[in-house]
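The structure comes next, followed by the details.

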Amino acid sequence: AAEEAAAAAAATKVAEEAAAAAKAEEEEEEEEDDELADSKDDAVEEDAIEEGSKDEQGHTPDLLERRSEVLQQPSLHSSRSSRLRRLSMLRASRQKQQRRAMRKIQYAMLPEAAKQKLCAAFGQRDVAPSGSPAVSDLISCLADLGHVTTNQREYNEVKAVLEEAAEIDDVDLARFVFEVVPNVRRRLLLLREEAMRLEFRSFDKDRNGFLDETECEVIYERFCTHNLDQESLSVMFTEFIEMFRKFADKEGRLDFAGFQVLIAHWLEAYNKLVAKRTLEVQKAWDLDDEMAKLHVEELVVMCESFTLASAGGIALDWTQICDLLLEFGVLPHSKKDQAQLHEMFANGGSARDFKELLKMISSFREREAQRLAGWLKDMFEDLDQDRSGYLDIQEFTVLLGMVGLQPKFRTEQLKLRSLFDEFDADNSGGLDFQEFMRLMKRLRAHLAVCARRKQHLAIRKLDLGQRQLVDLRWIFFAMDEDGAGVLELEQLQVAMAILGQKLSIDDLTAMLESLSILVRQCDFEQFIGLV
């Protein structure tokens, strides 16, 4: 009897729970029905206050369209799954409207200067204009704001972020600023973490897990000083000091997390400044996109050198042209070539403007590339072990080591990979000889840019004047008879004597060792340090 009573009680409890569940489900359906009915009433009420022309029945066109939409909504007698889908769509629509309203409020709270810059960058790339630029235009807009991809992987990831955002909703200015840009910034930070960790370790000399201001300044000079004139370098250095002190701890040190954020801010500010100055130079001299792209890594520095050489004028004479060709490493050593250059200059008139200088530099670089073509062809064939007619990335890296161009840092390796992919026009995974020649031409120009950057930094620290610098270049050029770019000890001895310093070979060797130069020769940057 006790067992039967317990079984009956259990059955009663199960029945009550089932009844309660059914009632709860019925109440939930009623709430959903009420919400759907309210949404329809709201839609009709909104339509009722619309203004505009009315038809014969006194309805506005917009009201007729909305009533048609409402009639297409599932009725209260539709299936539960259909009602849930419709409710989900309504909620998503309301949330989207709320997000848009919030982004507009956030945008309105930005400083006026920031809003002007963002509007200018976004509007410039919204070529339609549609209020929602294409993905390719958004990538360009990100670059204008300092978010530049450095390799194919980063480009693909950023493109995926933009395509995903565009698929969800239109990318207007407010959404671009408060949703897309932060997402891109986070994605790039993650992609660059491994490379940045390796950089951090290489500069953490005492292995204490922190970098001080001096160590960070070395990193800053390597990352954020390319293609900037003196005025821009001053701006960036001020930015460096302010940012370092903002992210450093009380002891003036950075751990890896702070270093990673600091590098991201540096690069963003640097890329934005370079893009701004490059565009200014391009517009000032009416350069087409092809010419600007050809000198993209050095355009700002080239323009500054032109301005200094011409004393703020718009054209250069023969002597000034030679000074600049020497600075950019394209002045020929042979008397015959120099005579041809002078004849070409004389036939074209008495002066040259900046655009003509760029064409002249490009012409000499092309001639130099052709001169080295036979030598590079032999090296190419030696490394093409399988005789496929292509060099893969490993074979190409070996070749760079043979000519002294092998990258030393992880970021340089990523840059090289990016260049390799860029010049692999047929996406074969390897470079044929013509692709290889174009890439080597770019690399030679890049090395010249890096050398001049180091020279400018050294000059800035030594506080040398422009005329002193030009004189030192001519002395070095005269001693460097074979154009190797370095002076042997005997040549260095003569150069120092011209400058009024009579030194023995032993004295020069000691001076080189004091500068941690262990080979018996020096390049121009080291020569400046000796002087």
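## The largest cavity

The lining of the largest cavity is made of seven nonpolar, four polar and three charged residues (Ala, Val, Leu, Ile, Met, Phe, Trp, Tyr, Cys and Pro count as nonpolar, Asp, Glu, Lys and Arg as charged, and the others, Gly among them, as polar). The model is a predicted one, in which local features need pLDDT of at least 70 and side-chain atom pairs count only at pLDDT 80 or more, while totals for chains, interfaces and linings use all residues. Residues are numbered from 1 along each chain as its sequence is written, and side-chain values use heavy atoms, with hydrogens and water left out.

A cavity is a set of points, on a 1 Å grid over the protein atoms alone, where a 1.4 Å probe fits but cannot get out, and lining residues have an atom within 4 Å of a point. Two cavities of 30 Å³ or more are counted by this rule. The largest has a volume of about 170 Å³, where volume is the space filled by probe spheres set on the points, and grid points are joined across faces, edges and corners. It is lined by 14 residues, of which Leu188, Leu189, Arg192, Ala264 and Leu267 are the closest to its centre. Helix H7 (173–191) and H11 each give at least two residues to this lining, and the largest share, six residues, is that of H11. Helices are DSSP runs (H or I, at least four residues), numbered from the N terminus.

## The second largest cavity

The second largest cavity holds about 110 Å³ of space. Among its 15 lining residues, those closest to the centre are Asn227, Leu228, Val301, Arg453 and His456. At least two lining residues come from each of helix H10 (230–247), H13 and H20, with H20 giving the largest share, five residues. By class, the lining has five nonpolar, five polar and five charged residues.

## The second largest pocket

A pocket is an open set of points with protein on both sides within 12 Å along at least five of seven lines. The second largest pocket has a volume of about 410 Å³. Lys293, Leu294, Phe423, Lys441 and Arg442 are the closest to its centre of the 17 residues that line it. Two or more lining residues come from each of helix H12 (289–294), helix H16 (354–371), helix H19 (410–423) and helix H20 (433–462). H20 supplies the largest share, six residues. The lining of this pocket has nine charged, five nonpolar and three polar residues.

## Packing of H8 and H11

Helix H8 (residues 193–203) and helix H11 (residues 256–284) have axes that come within 10 Å and cross at roughly 115°. Axes are lines fitted to C-alpha atoms, for helices over the stretch in contact, and angles run from 0 to 180 degrees between N-to-C directions. H8 is therefore roughly perpendicular to H11 (65 to 115 degrees).

Contact (heavy atoms within 4.5 Å) is made by Glu193, Met196, Arg197 and Phe200 of H8 and by Phe256, Phe259, Gln260 and Ile263 of H11. These residues comprise five nonpolar, one polar and two charged.

## Packing of H13 and H14

Helix H13 (residues 299–309) packs with helix H14 (residues 318–327) at an angle of about 150°, the axes being 10 Å apart. H13 is therefore roughly antiparallel to H14 (over 145 degrees). Ser305, Phe306 and Ala309 of H13 meet Gln320, Leu324 and Glu327 of H14. Three of the contact residues are nonpolar, two polar and one charged.

Methods
Angles under 35 degrees count as roughly parallel, over 145 as roughly antiparallel, 65 to 115 as roughly perpendicular and the rest as oblique.
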